[in-house]
Every structure is written in structure tokens, then in C-alpha cells.
Amino acid sequence: MVDRPLTLMAVHAHPDDEATGTGGVLARYAAEGIRTVLVTCTDGGCGDGPGGVKPGEPGHDPSAVAAMRRQELESSCEVLKIGHLELLEYADSGMMGWAANDAPGSFWRTPVPEGAARLAELLRQYRPDVVVTYDENGFYGHPDHIQANRITMAALELTGMAPKVYWTTAPRSQMQRFGEVMREFGSDWEEPDEAEAAAIAEIGLPDEEISTWVDTTEFGGQKFDALAAHASQGENIFFLKMGKERFTELMGVETFVRVHDTTGAAVPENDLFAGLR
Ligand SMILES: [Zn+2]
């Protein structure tokens, strides 16, 4: 028996990523009595401002956006019953190629060992049994997501690996369905050009390469409400337009690739804690 609660730590880049990527598992495992810890690396200052004002547009104030998103994040954590929220508070780097990538204090510009040392402190404090972050492509190529993967893997090297480590992923079969729903609900949806289509084709994995499929449909309502707490962000409004039922149908199963394991639990598995309890 362990002398501390089983613990799940999710490392995310921005306020709202916890809801889209892992809202289901965070809610489900909290309900099962597992301690949940969310580490959010950036302040989200490159997100949409009040009234939908985009970064770079007049009236976009990153520090005001960060303050608003901090409150949204806290509401989302309440909805998902996340036990511990830890903020690294790096400046949001914006999308690949933006000037914000190189701004002082940006997460992308932070040397990996520096970010990793801070995260390692949290790993030593919570000693999570399961750690979840993005894949090496940051799921879809966002610099802060790539950096979250890098500091997480480097921090785990420093502290010794957690028993199970996962990267979030999406099955290619679901990406196809996702495209269909985009066409249905995205009022300003445009067919991706060739380059965009190629980038989208790189997202996720073929179904047979996915090790872990966790059914969180029972918690779809909570995941939806967590995302609703981040309604200031344009891309979330797209999901909210679907309504809870369609949203849960599309987003109810969360998928991962297991990149480290000491339990020997057989794959494919349907539980991040398989072999640990
Ligand atoms: Zn993000």
C-alpha cells in the first residue's frame, strides 16, 4: 500500500487546455478519489481579450487578458474538482512565428532546464503516479505546447520517471469526424488549403497506435461546463455551439499514448491507473 493518495498530474500550456484535452480524465479520476494536480505553464495573455479582441489588435492588453483567464481557469478547476492548481506563470508565446515567441519571459524562450527545474519541484512535492502532457508536436504545433512536453520530460529525467507517463493524442478516425463537425458548426469554417490539410494530417495517431482509451462520457457535462468557463476564447465558442450532447459524443473518450510504464499493464488499456490499483 502507498502512504499517499494516488495522484494524477496534468501539465498544460494555457488556461483552457485542461478542459479540452483532459477535462474528462480530470473529472473522472477526482470522482474516483484520486488526487488531481493541474500545472498550467503560461498566463494565456495571447488569447482573445474581452469582446473577442484578438492579440495585436488595438485594445488587446495581455496582462488584462491574463487576469481574466486566471479567473476562468479557477472556475474550470472548480467544475472539474481539480484538487491542486499550480501556475508557472510564464508569458504566453502566441502561435508559431508570432513576435511574442521571442518576447522576454515568454515560455518558448525559457531555457528548458530552467522550466524543468521548477516543474521538478512540483513533481517532488506531489510524487504523481501518472503524468500527462502533450506529444513532441505539442498536439498541433503550438510552441507553448511543445515547450510543455519538453519541460515535462526533462523534469521527469531530473526526478526519476513517474510510474506511468502519457502524451495526449487523438485517433485519426476521430479527426475525420471532427472535420465533419467543423463544417456543420463552424460558421466561418473554410476548407483547409493543401499546407493546412498536411498539418492537420500530422495531428494524432492511427487508431491502432493509441495505447489508452478512457471513457469519460459520464463526465461530458462537467467537461462541457469547464470549457464554458473559458468562453472568452473564440475557439471554445465553437465547441459550446454543439451543445452538451453532441460535444460529449465527439469528445467523450479521451485518448493517450503511454510513453513510460513500470506496471506492465496490458495495452490497449482503458484506465490511466491500470496496474496501479
Ligand atoms: Zn493551449
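## Helix H5

In H5, the buried residues (under 20% relative accessible area, with exposed meaning over 50% and partly exposed in between, for a 1.4 Å probe and protein chains only) are Pro143, Asp144, His145, Ile146, Gln147, Ala148, Asn149, Ile151, Thr152, Met153, Ala155 and Leu156. That makes 12 of the 17 residues of H5 buried, so the helix is largely enclosed by the rest of the structure. Helices here are DSSP runs of H or I with at least four residues, strands are runs of E with at least two, and both are numbered from the N terminus.

## Ground rules

This is a predicted model, where local features need pLDDT of at least 70, side-chain atom pairs count only at pLDDT 80 or more, and totals for chains, interfaces and linings use all residues. Residues are numbered from 1 along each chain as its sequence is written, while side-chain values use heavy atoms, with hydrogens and water left out.

## The zinc site

The protein donors of the zinc ion are His14 (ND1), Asp17 (OD), Asp17 (OD) and His145 (NE2), at 2.1 to 2.5 Å from it. Donors are N, O and S atoms within 2.8 Å of the metal (3.2 Å for Na, K and Ca), and water is not among the atoms, so sites may look incomplete. Along the chain, the zinc donors follow the spacing H-x2-D-x127-H. His14, in the loop between strand S1 (7–12) and H1, and His145, in helix H5, are 131 residues apart, so to speak a link between distant parts of the chain. Both ends are buried: His14 has a relative accessible area of 6%, and His145 comes in at 3%.

What do the angles say about the site of the zinc ion? With 55 to 140 degrees among its 4 donor atoms, the site is irregular. For four donors, tetrahedral requires all angles between 85 and 135 degrees; four count as square planar and six as octahedral if opposite donors are over 155 degrees apart and all others between 65 and 115; anything else is irregular.

## Helix H10 and its surroundings

Phe247, Thr248, Leu250 and Met251 are the buried residues of helix H10 (residues 243–251). Looking down the axis of H10, these buried residues fall within an arc of 165 degrees, so they line one face of the helix. The arc is taken over the directions from the helix axis to the C-beta atoms. Glu245 and Glu249 are exposed, on the face turned away from the buried side.

The buried residues of H10 pack against helix H1 (17–31), helix H6 (172–185), helix H8 (220–228), helix H9 (234–241) and strand S7 (253–261), with contact meaning heavy atoms within 4.5 Å. Asp215, in strand S6 (residues 212–215), has its C-alpha atom 9.7 Å from that of Met251, 36 residues away along the chain. Leaving aside neighbours within four places in sequence, Asp215 is in contact with Arg28, Gly252 and Val253. Asp215 is partly exposed, with a relative accessible area of 44%.

## Aromatic pairs

The structure holds 8 aromatic pairs. The rings of Tyr90 and Phe107 have centres 5.1 Å apart and planes at 25 degrees, so this pair is stacked. Rings of Phe, Tyr and Trp (its six-membered ring) pair if their centres lie within 6.5 Å; planes under 30 degrees apart count as stacked, over 60 as edge-to-face and the rest as tilted. Tyr90 and Phe107 are both buried.

Phe238 and Phe239 make a tilted pair, 5.2 Å centre to centre with 55 degrees between the planes. Both of these, Phe238 and Phe239, are buried. Ring pairs also link Phe178, Phe224, Phe238, Phe239 and Phe247 into a cluster.

Most residues other than glycine have a negative phi, and most peptide bonds are trans. Arg127, not a glycine, has a positive phi of about 40 degrees; Arg127 sits in the loop between H3 and strand S4 (130–133). Phe139 also has a positive phi, about 70 degrees, and is found in helix H4 (residues 138–141). A cis peptide bond joins Val267 and Pro268, with omega about 0 degrees, and Pro268 lies in the segment after S7.
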